[in-house]
Amino acid sequence: SEFSKLQITVAVCFLWAVYGMINVSVYTLAMNWARKGLEGTDFTLQIVINQLDALIIAGIGGFVAQRVNYHGLFVVEIVIAIVALLFTIFVYKTDKE
């Protein structure tokens with residue numbers, strides 16, 4: 001099915017709005033982890049590593065999509081997300097006693 005220009009515009013606007021909100025969180029966490037007196041250096045290194053990771057993951061995503069099409073890529077992404085969620089739940093569980 002073909003999408004209308006309005007649908008594509010709304011989707012792109014939503015994507016960039018979410019991306020902006022995520023960046024606020026990432027940048028805040030980066031500043032919170034920066035050492036006193038080295039805030040600029042630490043922040044810059046963290047953000048460069050974050051952006052480099054994004055480029056590498058985008059390349060891997062393109063490779064996977066080429067091999068198993070986009071449906072397969074989405075399945076791979078869902079599996080990775082579930083594994084990450086389970087890892088987080090079991091590794092970072094807290095006792096509320």
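Here is a short tour of this structure, stop by stop.

Before you click anything, note that this is a predicted model, where local features need pLDDT of at least 70, side-chain atom pairs count only at pLDDT 80 or more, and totals for chains, interfaces and linings use all residues. Residues are numbered from 1 along each chain as its sequence is written, and side-chain values use heavy atoms, with hydrogens and water left out.

**Stop 1: helix H1**

Select residues 5–33, which make up helix H1. (Helices are DSSP runs of H or I with at least four residues, numbered from the N terminus.) Now pick out Phe3, Ile8, Val12, Leu15, Trp16 and Tyr19: together they make a nonpolar surface patch of about 650 Å². To join such a patch, nonpolar side chains (Val, Leu, Ile, Met, Phe, Trp, Tyr) must lie within 5 Å, on residues with over 30% relative accessible area and no salt bridge. The areas come from the Shrake-Rupley method with a 1.4 Å probe.

Zoom in on Val12, which sits in H1. Val12 counts as partly exposed, at 40% relative accessibility. Buried would mean under 20% relative accessible area and exposed over 50%, with partly exposed in between (1.4 Å probe, protein chains only). Then jump to Trp33, also placed in H1; with a relative accessible area of 67%, Trp33 is exposed.

**Stop 2: the salt bridge**

Next, select Arg35 and Asp42. They form a salt bridge whose closest N and O atoms are 2.7 Å apart, and the structure holds one such bridge. The cut-off here is a side-chain nitrogen of Lys or Arg within 4 Å of a carboxyl oxygen of Asp or Glu. Asp42 is buried at 8% relative accessibility, while Arg35 is partly exposed at 49%.

**Stop 3**

Color residues 39–91, helix H2: a straight helix of 53 residues would span 78 Å at 1.5 Å a residue, but H2 spans only 29 Å between its end C-alpha atoms. That expected span is 1.5 Å times one less than the number of residues.

Where does H2 bend? Go to Asn69, where H2 bends by about 120°; the bend is the angle between axes fitted to the seven residues ending there and the seven starting there. Asn69 has a positive phi of about 65° although it is not a glycine. Most residues other than glycine have a negative phi. Asn69 is partly exposed, at 45% relative accessibility.

To finish, show the buried residues of H2, among them Ile47, Val64 and Leu73.

Conventions:
Helices (H or I, at least four residues) and strands (E, at least two) are DSSP runs, numbered from the N terminus. Contact means heavy atoms within 4.5 Å. Patches are made of residues with over 30% relative accessible area and no salt bridge: like charges are joined within 9 Å, nonpolar side chains (Val, Leu, Ile, Met, Phe, Trp, Tyr) within 5 Å.
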